[in-house]
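Please read the following points alongside the sequence and the coordinates. They are meant as a working note for a colleague.

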Amino acid sequence: MASRKTIMTFVAAALMAVTHAHADSINAGNRRPSTTQPFNAQNIAEFDTPWAIAFLPDGRMLVTEKPGRIFVVTQSGKKTEIGNVPAVAASGQNGLLDIAVSPSFATTSQIYMTYTEPGTDGSRLVLTRAVLSLADDRATLTDPTVIWRQTPAGGGGQPGGIIAFDPQGAHLFLTVGDRMQPNSAQDPRQARGKVLRLNLDGSTPSNNPLAEDKGVPAQTWTTGHRNPYGLAFAPDGKLWLHEMGPRGGDELNLIEPGKNYGWPLVSNGDNYDGTPIPRHATRPDLTAPPLYWDPVIAPAGLAFYDGAMFPQWKGSALIGGLRAHALVRVAFRADGQPDEAERWDMGDRIRDVAVAPDGAVWIIEDDSPGRLRRLTPAK
Ligand SMILES: [Ca+2]
């Protein structure tokens, strides 16, 4: 028979293990904006509901508008509309979404974009690759080709659609939202509520977790996401994702292959109709977010800062807030734990954030007109 002391030691150890498993799930929902801003914000141009910014190597930008247009934009705000952009199904949260410059752009001029494609059985999120042909005052897409399509088609909003490349430039990662069909996020056959990992031509890498399967399971990197509008590699090579939860459940997640992040089985928020959802802590087999927001910020856009203008931000994640009308800086402790370090009130819904080659930070507003703004250190 175990002594009382042994039992107490065991109980204490078990309690510590449970505490430790969830001690680092930080809620930053009630953080307040800083009273001072360490930057000046310069208004550069305006757009109709801009969605994403991507920098070309020369410092020009590609900016998408959700209704279906793409522009090349100079640092001084001169806009050139890009021709031959595919038709999109634009409605509510859906339309022309992310844009990304290929790791091989210097030699191939290839770019990638995501959008909801019209269809008789409902819209599909698709990933298209095209060559960007740039002349003096003209820009056009050559050979736009859909290299991935959501299977099955259909669903509502919450499309996800964020593109990221690994630091080696060998693979493309794509977030697919649950399209307001929560249970699909746990169905391995449905390309909803997943992060996918593809080769740059859209084919399936042979070393994905379930690569020996076919179709969606073979493409799947992680499972159980709701509506991820942020995906980016940190300077240390880790992949981070944020996703909009239900009421009170926005999450920042460290993405590791084969893991299940819980939606809709668990969440740190509840449904908007008030029905409760079990918390992440009730299911240790599902990966919990190390940082979450209750109340929500509605995160959109994610960029890691590794530039020269704001040396105090090196290694931080910059996140736009739609609901929060804010730019949020997340810093990482030495053990990797993220926490919200600062939040700045930007006066409108922030849809995307990007870091220019010179280290300036650029943001766009989810509005019409929505401003493109350049942030540089306050003098
Ligand atoms: Ca989750």
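The numbered points below cover confidence, the metal site, the aromatic residues and the strand pairings.

1. Basis. This is a predicted model, in which local features need pLDDT of at least 70 and side-chain atom pairs count only at pLDDT 80 or more, while totals for chains, interfaces and linings use all residues. Residues are numbered from 1 along each chain as its sequence is written, and side-chain values use heavy atoms, with hydrogens and water left out.

2. Confidence. The average pLDDT (the predictor's confidence in each residue, from 0 to 100) is 94, and 94% of the residues score at least 70. Residues 15-22 stay under 50, and the model has 2 contacts beyond four places in sequence for them; contact means heavy atoms within 4.5 Å.

3. Calcium site. The protein donors of the calcium ion are E251 (OE), E251 (OE), Y261 (O) and H280 (NE2), at 2.3 to 2.5 Å from the ion. Donors are N, O and S atoms within 2.8 Å of the metal (3.2 Å for Na, K and Ca); water is not among the atoms, so sites may look incomplete. Along the chain the donors follow the spacing E-x9-Y-x18-H. E251 belongs to strand 17 (residues 250-255) and H280 to the loop between strand 17 and strand 18 (291-293), so the pair ties together parts that are 29 residues apart in sequence. Strands (E, at least two residues) are DSSP runs, numbered from the N terminus. Both residues are buried (under 20% relative accessible area, 1.4 Å probe, protein chains only): E251 has a relative accessible area of 4% and H280 one of 1%.

4. Aromatic residues. The structure holds 14 aromatic pairs. Rings of Phe, Tyr and Trp (its six-membered ring) pair if their centres lie within 6.5 Å; planes under 30 degrees apart count as stacked, over 60 as edge-to-face and the rest as tilted. The ring centres of W313 and W344 are 5.2 Å apart with the planes at 35°, so this pair is tilted. W313 sits in the loop between strand 19 (299-304) and strand 20 (317-321), and W344 in strand 22 (residues 338-345), 31 residues apart. W313 is buried at 1% relative accessible area, and W344 is buried at 0%. One aromatic cluster is formed by F39, Y305, F310, W313 and W344.

5. Four strands form an open sheet in the order 11-12-13-14, with antiparallel pairing. Two strands pair if DSSP finds at least two bridges between them. Strand 11 (160-165) and strand 14 (220-223) are the edge strands, each pairing on one side only. Strand 13 (residues 194-199) is joined to strand 14 by 3 bridges, and V195 stands opposite T222 in strand 14.

6. Strands 15 and 16. In strand 15 (residues 227-233), 7 of the 7 residues are buried, so the strand is largely enclosed by the rest of the structure. Strand 15 runs antiparallel to strand 16 (residues 239-244), with 6 bridges; L231 has L241 as its bridge partner. The two strands form a hairpin with 5 residues between them, and G237 in the turn has a positive phi of about 95°.

7. Strand 5 (residues 69-73) has 4 of its 5 residues buried. Strand 4 (residues 61-65) and strand 5 run antiparallel and are joined by 5 bridges; their hairpin has 3 residues between the strands, and G68 takes a positive phi near 135°. Strand 5 also pairs with strand 6 (residues 79-81) in the antiparallel sense over 3 bridges. F71 has E81 as its bridge partner in strand 6.

Methods. Buried < 20%, exposed > 50% of the residue type's maximum accessible area, 1.4 Å probe, protein only.
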